[in-house]
Amino acid sequence: MRRGRRAGGSKGSEGLLEMLETVPVCVSIRSSDRHVLFANRFFRERFGESKGRRCFEYLFDRRTPCEGCESLRVLETGQPHCWQWRGPDGRDYELYDFPVKEQGGADLVLEMGVDITETKRMQAELRDSKVLMEERVGERTAELTESNSELRAAVEELRIVTERLGQAKDEARQVAQRYQDLFENMTEAFVLHDVILDPAGRPCDYRVLDLNPAFERLTGLARESVLGKTVREVLLQVDDSWIEIFGRVALSGKPARFESFSRDLRKTFEITAFRPQPMRFAVIFSDVTDQARAAQERETTIEFLRLVNESPDLVGMVKAAAEFFQRLAGCEAAGIRLDKGDEFPYFESRGFPADFLRTENELCIRDREGRLEADCLCGRVICGRFDASKPFFTPGGSFWSSAVSRLVASAAPADLGGPTRGRCMAEGYESLALVPLIAGDRRIGLIQLNDRRPGVFDAAGIGLFERLAGHLAVAIAKFRAEDALREENRTVTLANRLLAAFVEETEEAVFDKGLAVLLEGFGSKRGAFCCIDEEGRVRCPTSGTPRGLGGEDCCKPGGPQTADRLSCPILFDEGPIGLFELADKEGGYTEEDRRLLKAVAARVAPALYAWIQKQAREAERRRSASDLAQSRGMLDRAQRIAHLGSWELDLAENRLVWSDEVYRIFGLEPGQFAATYDAFLEAVHPEDRKAVDDAYVGSLASGMDNYEIEHRVVRRSDGAVRFVHERCEHFRDESGKIARSVGMVHDITERKKMVEAIVRSRDLLEVKVQERTRELQRSNMDLETFAYAASHDLQEPLRMIASYIQLLERRYKGRLDADADEFLAFASDGAVRLQRMINGLLAYSRLETKAAPMGEVDSGAALDRALENLELTLRASGARIERGALPVVKGDEVQLIQLFQNLVENAVKYRAEPDPVVEVRAEERGGEWLFSVSDNGIGVDEKHREAIFLIFRRLHPAHEGGGAGIGLAIVKRIAERHGGRVWVDSRPGGGSVFSFILPKLAVP
């Protein structure tokens, strides 16, 4: 089925159906018995042809109607209805149903469906990300609460133990056996020492006299390896504060209690020291490593969560996180990789050498055929390729080692997941930790910690890094989701403003308003908004404005180039239908700008396509205005999503019907009062009331078919003044008398405010541009005056130098040695070339200061004068000049002769053939003439095409026939003074074509 049964037979209805056929949303018309009378192309592409079936048979292959059918509810209520629906294609749609009547009086349902699948998916992902973040924070809060409870229990237990020890000491002095039992069975370690003094009487060491079994259990040191030895003999790293504290206890008898970390044993102990007798002290201590680590982890986690929550953006958060992990690990270098496309480059790094970052930024190296050559451990951790049974991998997928070189030497490549690049080991990093960042079920990057010292990391520290990495991954996902939502909102806002132009504007004003929106949204000074019509012609309505890029060729390859340019084609059905082009943004365009412009182009494409189709059908619409206007009324009511109100006035009965949107614009509840023309005038602003009445009554009196007016209204609900734009069309009866009027009302208050703001900004910018232009004109005039004066004042001393050199050459040539003759020849030749350069500079500076006013110039006569000046050169070279008809143009005759003379002389000078041929042609292009001077000479390499137009820039040395390097610079200056430009198309050995543009002579 192409369209199903038609919902009417009038030309107006068919015009409406043709319009609905091209709308990029699902549109269908159904009868009250559920038959699909019409389905547009978008609907059929999604769900296929109906083939006369009813909607439940067509869409769901059911034999009975759907329970609680939402689509037919509008036939019961008579009111439009909006609802959401999951289609048989598995996608979500937002449906708008409108009750309509066929010409025969039958009740129909017009249904429009917009695909909102991607919008709902983005909303769901954002909700999931927030829920995941809240769950992670809840889990960590519960863990910290449990840890606090355990710590309080340990403190209470310690208090009880301390009290028990006090009782034990009293009992030990009374009953030796009780002391021995406690000594042997207590859970805390007990050690008895005597203090050792240096010659000055200061404590310098202490010796172990006795210890209990708990000491061996808590320290891992055997009794026989400790008894009788000093602490410096037992431990490699002795904290001097221990000797100071224990010496003070042994000498003063004042007990001490403190907590300390042993670097040798890598444990934290809570220690109580007292003096049992002079010069001796006893120590009771217990292992509180787990409690200390839990407290430290709690504080570290709280600090990290505070850092994450206070970060204003993703970049600042990742930078702060890298600094935090480096400080927490105490390592030399730290980096955070995050996914970017198919790669995971460093997003932030600290402490790595620049060469290391450059070579390790990509995880995988591939050969020219794209085959994998080498892999690194970072890539395996990110991809989740690890063996948790290996001691250097954790169950969470982290890799760590505090002795990398020993690990690589002892482990098989298969244990590490395959061969590695080994750059970390080559750089001398002995301690390495790679912790994955996992958000949900996605691995989005990793944290890398490196240090050249061995022994920096341990399993407990890696566990803490993994838990913090989980918080960081959730925060990164949250920031990314918020960034994506902001970008989507920016895209939707900008696209909606562009789409508003297609609703609010007519003819080609759509493009002017659309371009203004783009320039404001992207902070650009110039741009173009073009379209391609059905015949494939490029139309660029905005190129004629002051902000345009100029000419229809701006959409084509080879068009005008500007600094810092951003272009994006507008595609529909995979074919180009237009172009957005922006230029001159302060600070340059970013990758985010490119993505945004592409997304906006995709959203605007259906409206632009519809606009192009509308223009193509405009002639046919005018021939069927009456029928089409009636159909348009139904379409306008269906397009309430555009916030346009409609009204209809029956002149015979003075009955005015408003749509709900008009009521809202006027600050009324729908149906709040019986609408009449007089009641409408009451809502118009008192100062505009007469103009509105004159416009309507005047259009009736003069027999006009339509009119438009902008005026103010006073909202009944809050007294606010709003600006509206109204358009009215009159319809006549069989006798030709106007019987009814149909119109639309659009609230343009915000647009008015925006236009006023743009006008103020544009006026301010214009003043600044004019001031800058005057400054540049003064500067250019000063530079030209200086160049002229400098070159003119150099003429006289140069003529004197050249004369005396030539006199020396004539008088002494052959009388001195060969070197002297050669030196004089070089000096004479140099003076002549310098004189040519000064003459060229003088001519170049006079292009503006000595220029004649622009007038009517016969370019053919200018070419004749140029050829007369080159007569001897042309005769000597045997050159043949071929020419076409040349036009009369607007220009400076003297400078045009100079332009032709330089181009022809240049073509003859750099000839490749013994008989050079030079062709001069001109062709008309719009409002200008395109001239070309082509030759069969030696050609110009592509890399020099721009350089040859720079002053004093020569491609050939002077002794090989090269000129002074001014001729083509003069050509470029003359072309630009005439409002044109010059360029060359050439290749070595293939000749050259020099092209330039001159303006056409205005026709009076």
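A: A patch is built from residues with over 30% relative accessible area and no salt bridge, where like charges are joined within 9 Å and nonpolar side chains (Val, Leu, Ile, Met, Phe, Trp, Tyr) within 5 Å. A salt bridge is a side-chain nitrogen of Lys or Arg within 4 Å of a carboxyl oxygen of Asp or Glu, and accessible areas come from the Shrake-Rupley method with a 1.4 Å probe, with only the protein chains shown counting as cover for residues. The model is predicted, and local features need pLDDT of at least 70, side-chain atom pairs count only at pLDDT 80 or more, and totals for chains, interfaces and linings use all residues. Residues are numbered from 1 along each chain as its sequence is written, and side-chain values use heavy atoms, leaving out hydrogens and water.

On the surface, Leu197, Leu251 and Met279 make up a nonpolar patch that together has about 220 Å² of accessible area. With a relative accessible area of 41%, Leu251 is partly exposed, a class between buried (under 20%) and exposed (over 50%). Leu251 belongs to helix 9; helices (H or I, at least four residues) and strands (E, at least two) are DSSP runs numbered from the N terminus.

Aromatic pairs come next: rings of Phe, Tyr and Trp (its six-membered ring) pair if their centres lie within 6.5 Å, and planes under 30 degrees apart count as stacked, over 60 as edge-to-face and the rest as tilted. By this rule there are 37 aromatic pairs. In one of them, the ring centres of Phe246 and Phe258 are 5.9 Å apart and the planes stand at 45 degrees, so this pair is tilted. Because Phe246 lies in helix 9 (residues 240-252) and Phe258 in strand 8 (residues 256-262), the pair ties together parts that are twelve residues apart in sequence. Phe246 and Phe258 are both buried. Another pair, Phe572 and Tyr609, is stacked, at 4.2 Å centre to centre with 15 degrees between the planes. This pair links distant parts of the chain, since Phe572 is in strand 20 (residues 565-572) and Tyr609 in helix 18 (residues 591-616), 37 residues apart. Again, Phe572 and Tyr609 are buried.

Finally, a nonpolar core is a set of buried Ala, Val, Leu, Ile, Met, Phe, Trp, Tyr and Cys residues joined through side-chain atoms within 4.5 Å. The largest one has 37 residues, and Phe900, Leu903, Phe931 and Phe996 have the most contacts inside it. Helix 28 gives the most to this core, with eight residues.

How values were computed: Buried < 20%, exposed > 50% of the residue type's maximum accessible area, 1.4 Å probe, protein only.
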